[in-house]
Amino acid sequence: MTPGVPVEQTVEQVFREQYARAVAVLVRVFGDVDVAEEAVADAFTAAVQRWPEDGVPPSPAGWIITTARHRAIDRLRREASRDDRHAQAALLHARDEPLDVGAVSDDRLRLVFTCCHPALAPAAQVALTLRLVGGLSTAEIARAFLVPEPTMAQRLVRAKAKIRDARIPYRVPGEQDLPARLGPVLAVVYLVSTEGHTASAGDELARADLCAEGIRLGRLLHELLPDEPEVTGLLALMLLTESRRPARTTADGELVLLADQDRRRWDRALVAEGQALVRDCLRRGQPGPYQVQAAVSAVHSEAPTAADTDWRQVLALYDLLLALTPTPVVALNRAVAIAEVEGPAAGLALVDQLDLPGHLVHAVRADLLRRLDRRTEAAQAYAAALERVRNATERAFLERRLAEVHAVG
Amino acid sequence: MTQYLLSVVEPSGDGTLPPDLGQIMSDVTEVDRQMREAGVWVFAGGLHSPKTATVVRVADGEVLTTDGPYVEGKEHLGGFSIIEAPDLDAALDWGTRLARATRLPIEVRPFQGGE
């Protein structure tokens, strides 16, 4: 380990980097999520006590996993002797299962597929993934999703009970089932990052920790499934979105639209990495929704100024996306591209046909009406958007725009 | 191995039979045969309509017998299969086959005590 770094910091770093790996190995060894979680928590507690005196072991992750296994077996033996059938089953499982720290990448992937099993509700999938694969505490997950901690704790307990009682397997699906089973996994990772990017409610526009967690999960998936183009597409999409975060708000925390952003503030390293991934996945010729969205983002990233944006290419990509996923939200994005290529009136004609909840459709309509100089209608549309918006930063932006159309009109 | 109850969720409706009942019956029989052949079959059966149900309950030592199902809902248990499977994925696979055959939703639920 790095000399001069306090041991507590090393333990924390090992926790961030190795928690999922340790839990994944121990879930395989004991066949039980609760046993694994408790054992890994025990091992990290032991690390905090022992490492300052004994020094950090040469392989911290190996130490954690071995210690966790010993401690779990000790405890399970005590419980098994009291006729705890659960403990007996976990011990029996551990007897037949080698520790085999080498196959950890498979273990983590198995854990991801268990957490995102379609038999679990989406909200439970997200919470479990953040808990077991992300290593976030229940309190952190509750805070991130603005849910009271006891509610989140109960959600996690129920999900883990279902995994155990219904025997949700701990396995990477076979090739035939993989495309269908990958869907919820990608959705969970994307949800983590979008929730971080624009918190659906609350005061801060971006909860950077959730963005970072989404990207970390995306990188992990990409490392484990390098040949799945949608996995690559999702990672690229998250990186390109993240690259704009420094430019998305002013120093006062006000929202800045893509067209008005100071592009010098974009994170060039993330842009380059995202663009390279987009090229890599599109070359495979199996386009999917995440890849196409990433490609749209890459087109924006290539333009030195908003005026240089290749809107025809953006529009072509939205045509493709609409064919792949014909949803009102995609149609709304396509209408925005049409407005750029053919003018705001053409975009507005499309937006007027859309029926979707939320503030976004009203915000887009308002903007198009404003550009058409139809100020009274624009003000009405801004008001409609304001009635529905839940994020405080977006609300402030809409209020400024509303004040502007009032001032001129 | 865990045992799973696969329940056929039947709409209560007005009791009219689906026009392709013959085909449904033979498809269900075929899934039942596959379950036996795979060695997962424990028990299976179709139920008469909820109208044929009787509820008995004991309160203060008295037996109360009432006509009809315990609750009348928009759906009822039309029949079920009990299978033995290594995990939920295997059980869901059989559930999917049964859903295809019956053209109805199948609820998959584990029994207690499996290991």
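**The largest cavity and beyond**

Author: Three helices of chain A, α6 (122-133), α9 (178-197) and α10 (208-224), each supply at least two residues to the lining of the largest cavity. Helices are DSSP runs of H or I, at least four residues; strands are runs of E, at least two; both are numbered from the N terminus. The model is predicted: local features need pLDDT of at least 70, side-chain atom pairs need 80 or more, and totals for chains, interfaces and linings use all residues. Residues are numbered from 1 along each chain as written, chains are lettered from A and ligands numbered from 1 in written order, and side-chain values use heavy atoms, without hydrogens or water.

Which helix gives the largest share of that lining? It is α10(A), with three residues. The lining itself is Val112(A), Thr129(A), Val133(A), Val185(A), Val189(A), Leu217(A), Leu220(A) and Leu221(A). The volume of the largest cavity is about 30 Å³. A search of the whole structure finds one cavity of 30 Å³ or more. On a 1 Å grid over protein atoms alone, a cavity is a set of points where a 1.4 Å probe fits but cannot get out; a pocket is an open set with protein on both sides within 12 Å along at least five of seven lines; lining residues have an atom within 4 Å of a point. Volume is the space filled by probe spheres on the points, which are joined across faces, edges and corners.

Now the chain around it. Chain A has 20 helices and zero strands. Its C-alpha trace spans about 80 × 45 × 40 Å along the principal axes. Of its 409 residues, 49% are buried (under 20% relative accessible area; exposed is over 50%, partly exposed in between; 1.4 Å probe, protein chains only).

One loop of chain A deserves a stop. Arg167(A) sits between α8 (149-165) and α9 of chain A. It has a positive phi of about 60 degrees, although it is not a glycine. Arg167(A) counts as partly exposed because its relative accessible area is 24%.

Arg103(B) lies in the loop between α2 and β6 (106-110) of chain B. Arg103(B) also has a positive phi of about 60 degrees and is not a glycine. Its relative accessible area is 40%, so it too is partly exposed.

Chain B also has paired strands (at least two DSSP bridges between them). Strand β1 (residues 2-11) of chain B runs antiparallel to β5 (residues 75-85) of chain B, joined by ten bridges. One pair there is Glu10(B) with His76(B) of β5(B). Strand β2 (residues 41-46) of chain B is antiparallel to β5(B) as well, with five bridges. Here Gly45(B) stands opposite Phe80(B) of β5(B).

The elements giving two or more residues to its lining are β1, α1 (21-38), β2, β5 and α2 (88-102) of chain B.

Val63(B) belongs to β4 (residues 62-67) of chain B. Is Val63(B) buried or exposed? It is exposed, because its relative accessible area is 58%.
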